[in-house]
Amino acid sequence: MTEAMLTVTDLVKHFPVTRGIIFQRQYAAVKAVDGVSLTLHRGETLGVVGESGCGKSTLAKVLMRLEDATAGSVFYGDRDIMSLRGESLRRMRRKLQMVLQDPYTSLNPRMTVGDIVGEPFDIHPDVVPRAQRRERVRSLLDVVGLNPEHINRYPHQFSGGQRQRIGIARALALRPEIIICDEPVSALDVSIQAQVVNLLERLQDELGLSYIFIAHDLSVVRHICDRVAVMYLGKIVEIGTEAEIYTRPTHPYTQALLSAVPVPDPDAREHRQVIRLSGDVPSPQNPPSGCRFRTRCWKATEICAIEEPPLVPREADPHPSACHHAAVAEHIIGLAGRFL
């Protein structure tokens, strides 16, 4: 196993809910991220998957220090990112960059592509001498598959896939070691998604990057990720290698996600059991006691309401799963796992 680049331990992010106009007081909290622990190794791609509203994007923002954590620690090597302030935080951000979801609103429409990609050099002027910045920007555009001659164009003059490449070039400007990709292909056409994913894989091989890849499309995650963490209502419920998650999932929520994946073979589709979850996702302001998935789980028993299951290896399979009744269900997910 390679060295740990990023170590997240018991990370918590609660958003206060207040009432009152003049004298506001907190009476509740939205528990967006509630005790997440994970590790990213050098050269690895760690996928984070789950339904909308499960806390994936909030986790990314906290890791980038765009939001302050309520509790927990995030170590980049031997440095606690959560304790950094001022200049120390600014310098740390050279090593930890982000690619955002929307390839249009994440770019300033009044700035040229050259100014957008070169903006990190204004914030970190010691990275590239001023006389060399324009050539460095042209080089970055070429690396991500864009024409360097288009350096003076504006974002609206590019397609969605090209705009996402601009965002990737901007993230590469400071030569980071880790890039957090927050659903970077969800707004793109399927064919363009494949091109962007292939670009990210090539850049990882050439530059030795480590990725945290957030997505809800399980086929994209399997294509690019070495390990996958499944997130539900602010918590990691299962984590393992790509093969473990896609062929031997033990948590009912993971099995439900995989059972919903479209299967192209009509004969295989008829013999597959699809899990239809009952009810809606509970409010993160008032999550269920015990196991948070129990209100939608067909395996739930009395212990699920009393005791929160820890994220530990289970007898069904050695990779960690947060379920009292963890078990492999190959008849449910096997076909989807093979076709993904």
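Which residues in α3 meet which residues in α4? V113, G114, V117, G118, F121 and D122 in α3 meet R133, R136, V137, L140 and L141 in α4; contact here means heavy atoms within 4.5 Å. By class, the residues of this contact are six nonpolar, two polar and three charged. For the classes, Ala, Val, Leu, Ile, Met, Phe, Trp, Tyr, Cys and Pro count as nonpolar, Asp, Glu, Lys and Arg as charged, and the others, Gly among them, as polar.

Before going on, the ground rules. This is a predicted model, in which local features need pLDDT of at least 70 and side-chain atom pairs count only at pLDDT 80 or more, while totals for chains, interfaces and linings use all residues. Residues are numbered from 1 along each chain as its sequence is written, and side-chain values use heavy atoms, with hydrogens and water left out. Helices (H or I, at least four residues) and strands (E, at least two) are DSSP runs, numbered from the N terminus.

Back to the helices. Helix α3 covers residues 113-123 and helix α4 covers residues 133-143. They pack at an angle of about 115°, and their axes are 9 Å apart. Axes are lines fitted to C-alpha atoms, for helices over the stretch in contact, and angles run from 0 to 180 degrees between N-to-C directions. The crossing of α3 past α4 is right-handed, that is, the near helix is turned clockwise from the far one by less than a right angle.

Next, the sheet. Four strands form an open sheet in the order β2-β1-β4-β5, with antiparallel pairing; two strands pair if DSSP finds at least two bridges between them.

Strand β1 (residues 4-19) is joined to β2 by 13 bridges, and L11 has V36 as its bridge partner in β2. The hairpin of β1 and β2 has five residues between the strands, and G20 there takes a positive phi near 105°. With β4 (residues 71-76), β1 pairs over five bridges; T7 stands opposite F75 in β4.

On a 1 Å grid over the protein atoms alone, a cavity is a set of points where a 1.4 Å probe fits but cannot get out, and a pocket is an open set with protein on both sides within 12 Å along at least five of seven lines; lining residues have an atom within 4 Å of a point. Grid points are joined across faces, edges and corners, and a volume is the space filled by probe spheres set on the points.

The largest pocket has about 480 Å³ of volume. It has 19 lining residues, and M64, Q97, P120, I123 and R170 are the closest to its centre. At least two lining residues come from each of β6 (96-99), α3 and α5 (160-172).

There are four cavities of 30 Å³ or more. The largest cavity holds about 60 Å³, and its lining includes H251, C291 and H325. The second largest cavity is about 50 Å³. α9 gives the most to its lining, with three residues, and by class that lining has eight nonpolar, one polar and no charged residues.
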